[in-house]
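The entries below follow the order in which I went through them.

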Amino acid sequence: MRTDRGCDEHIRSFAQSNQLQARLHDVVPGGSHTYARGADQYPEYMAPILVRGRGSRVWDVDGNEFVEYGMGLRSVTLGHAYPPVVAAVREAVGDGTNFSRPTIHELTAAEEFLRLVPGADMVKFAKNGSDVTTAAVKLARAATGRRRIAVCEQPFFSTDDWFIGTTPMADGIPDDVRRDTVRFPYNDLRSLAEILDVGDVACVVMEAATATAEPNPGYLEGVRALCDSTGTLLVFDEMITGFRWSVGGAQSVYSVIPDLSCWGKAMGNGFPLAALAGRREYMELGGLRTDRDRVFLLSSTHGPETASLAAFRAVVDAYRHDDPIARMEHAGRLLADGVRAVAAQHGLSEHVEVIGRASCLVFVTRDAELKPSQAYRTLFLQELLRRGVLGQSFVTSAAHTETDVTKTVEAVAEALPIYRQAIDRGSVDGLLQGRPVAPAIRRTAAPRRLH
């Protein structure tokens with residue numbers, strides 16, 4: 001049995017989680033339905049299997065309680081089991097969830113969405129982000145008659161071939177598909193101009209900003225101008241920025257309007273919902289009011305099911321009558337300040353760093369030579385888990401309280417002396433129990449048994 005002592009002297013067992021994780025590996029490839037949720041992303045023998053959540057807290061099968069960060073891969077901004085969302089979903093499903101004609105929910109949800117997003121005339125709902133980013137690519141190709149796609153060097157846009165072909169896990173994707181997508185660095189207009197000058201690019205796909213990178217002055221405006229001058233569609237991925245930077249996404253913050261934008265994650269506070277929004281002249285190519293050949297845009301049985309649309313409308317109502325972004329940013333600022341202060345006390349300010357927008361914080365872990373290190377990251381995660389803090393980041397929600405932040409900073413303060421030992425030794429050996437974590441998207445499976 002694996003046990004670990006928390007900062008409250010509670011013996012924290014992961015025995016049942018380890019047993020269930022082994023069973024998951026028997027029935028689910030990788031032991032998880034999302035690579036970022038995989039056991040290889042957490043310290044060995046310390047990957048909790050969760051049973052419930054409320055607000056900012058979650059509980060696992062062993063009875064452990066954690067303050068959670070990341071919040072469903074950034075999909076939960078209001079907190080787990082947010083009562084108004086739960087109530088709206090219960091009411092909706094009581095009248096049925098799926099029908100053979102559109103429901104009133106589809107019209108009201110679409111109208112409410114379009115009131116939030118500047119420059120978007122039409123919207124189509126789907127179930128996950130990959131569906132809508134791929135629909136945007138398809139629409140851009142049809143509208144322009146071009147094939148190539150320019151994607152920014154940012155973490156992730158789709159599970160589909162046009163993007164996965166650019167990653168280390170490109171096995172099974174034809175070479176000609178891989179050649180159709182070219183990458184360009186963020187905040188570098190010259191590199192994008194060189195790609196677009198050829199004149200064969202259908203669209204530019206990018207996040208306007210990320211947790212670790214904001215646009216330089218004039219950069220997004222420059223991207224917009226390049227797309228306009230070359231007849232290239234501009235597609236913003238608002239999966240993370242939507243409802244976290246602003247209810248209207250990064251395009252509202254930076255006042256640069258794309259031709260198409262792709263949404264998901266927080267728009268349903270964890271319920272499965274995504275959206276493709278854009279200018280009417282492009283979106284109608286997938287509709288019934290076009291004289292051109294129609295584009296098979298998005299068509300799914302579950303895209304308009306009533307539960308997720310009701311959840312979305314409850315989320316919009318919460319943002320209309322409250323300020324969830326201000327609350328998550330307040331918690332983020334307190335957390336960043338607290339962690340930086342205790343890191344400085346231990347002489348680790350350059351080794352454990354908190355960076356990013358206050359509502360979307362990440363931590364960077366470096367070794368004795370100040371190089372980013374997965375082994376030191378794992379040690380940090382291990383010590384936080386022992387002390388009741390779960391998360392691959394410090395991404396907050398509106399449900400995170402000052403009490404949660406205090407508990408987290410205390411956990412970090414107790415974890416850093418162990419991190420300091422590893423820095424002084426120049427190694428995590430003897431301190432890290434088990435193997436280090438590995439990048440979620442990588443070419444080969446780790447040559448080790450996963451539990």
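**Entry 1: M328**

I started with M328, which is buried, with a relative accessible area of 0%. The model is a predicted one. I placed M328 in helix α13. I then listed what M328 touches, not counting residues up to four places away in sequence: T77, F243, R244, Y319, A358, S359, T396, S397 and A398. I also checked M328 against H400, 72 residues apart from it along the chain, and found their C-alpha atoms separated by 6.9 Å.

**Entry 2: the nonpolar cores**

Which members of the largest nonpolar core touch the most other members? I noted F380, L384, F394, V412, L416 and Y419, out of 34 residues in that core. I found that α13 (324–345), β13 (352–355), α14 (374–386) and α15 (402–425) each supply at least two residues of this core. The most comes from α15, which gives 10 residues.

I took L384 from that group and looked at its contacts. Leaving aside neighbours within four places in sequence, L384 is in contact with V389, F394, A411, V412 and A415. I also recorded a second, separate core of 30 residues, which includes L139, I164, V205 and L233.

**Entry 3: helix α12**

I checked the length of α12 (residues 306–321). At 1.5 Å a residue, its 16 residues should span 22 Å, and its end C-alpha atoms are 23 Å apart, which agrees.

Is α12 largely enclosed or exposed? I counted 12 of its 16 residues as buried, so α12 is largely enclosed by the rest of the structure. The cut-off for buried is under 20% relative accessible area. The buried residues I wrote down are T306, A307, S308, L309, A310, A311, F312, A314, V315, V316, A318 and Y319. I found these buried residues packing against α3 (83–93), α4, β6 and α13. One of them, Y319, is also on the list of residues that M328 touches.

At the start of α12, I saw a side-chain oxygen of E305 reach to within 2.9 Å of the backbone nitrogen of A307.

**Entry 4: helix α5**

I repeated the length check on α5 (residues 129–144). Its 16 residues should span 22 Å at 1.5 Å a residue, and the end C-alpha atoms lie 23 Å apart, which agrees. The buried residues of α5 are S130, V132, T133, T134, A135, A136, V137, L139 and A140. Of these I had already met L139, which is included in the second core.

At the start of α5, a side-chain oxygen of N128 comes to within 3.1 Å of the backbone nitrogen of S130. After the helix I noted G145, whose phi is positive, near 75°.

I looked at the second largest pocket, which holds about 1100 Å³ of space. Its lining has 37 residues, and those nearest its centre are E106, V123, K124, F125 and L298. The elements that give two or more residues to this lining are α4 (104–116), β6 (122–126) and α5.

How many cavities of 30 Å³ or more are there? I counted one. About 40 Å³ of space lies in the largest cavity. I listed its lining as V117, P118, G119, A120, Q251, I257, P258, D259, L260, S261, A277 and G278. Two or more residues of this lining come from β11 (260–263) and likewise from β12 (274–278).

**Entry 5: R442**

I found R442 in the segment after α15. R442 is buried, with a relative accessible area of 18%. What does the side chain of R442 make a polar contact with? I noted the side chain of D40, at 2.7 Å. The side chain of R442 also reaches the backbone oxygen of P439 at 2.7 Å. Not counting residues up to four places away in sequence, R442 touches D40, Q41, P168 and M169.

**Entry 6: G55**

I ended with G55, in the loop between β3 (50–54) and β4 (57–60). At 18% relative accessibility, G55 counts as buried. Leaving aside its neighbours within four places in sequence, I have G55 in contact with M71, G79, H80 and A399. I also checked G55 against A411, 356 residues apart along the chain; their C-alpha atoms are separated by 19 Å.

Notes
Residues are numbered from 1 along each chain as its sequence is written. This is a predicted model: local features need pLDDT of at least 70, side-chain atom pairs count only at pLDDT 80 or more; totals for chains, interfaces and linings use all residues. Side-chain values use heavy atoms; hydrogens and water are left out. A nonpolar core is a set of buried Ala, Val, Leu, Ile, Met, Phe, Trp, Tyr and Cys residues joined through side-chain atoms within 4.5 Å. Buried means under 20% relative accessible area, exposed over 50%, partly exposed in between (1.4 Å probe, protein chains only). Helices (H or I, at least four residues) and strands (E, at least two) are DSSP runs, numbered from the N terminus. Contact means heavy atoms within 4.5 Å. The expected span of a helix is 1.5 Å times one less than its number of residues. A polar contact is a pair of N or O atoms within 3.5 Å; within protein, one must be able to donate a hydrogen and the other to accept it, and residues adjacent in sequence count only if both atoms are side-chain atoms. On a 1 Å grid over the protein atoms alone, a cavity is a set of points where a 1.4 Å probe fits but cannot get out, and a pocket is an open set with protein on both sides within 12 Å along at least five of seven lines; lining residues have an atom within 4 Å of a point. Grid points are joined across faces, edges and corners, and a volume is the space filled by probe spheres set on the points.
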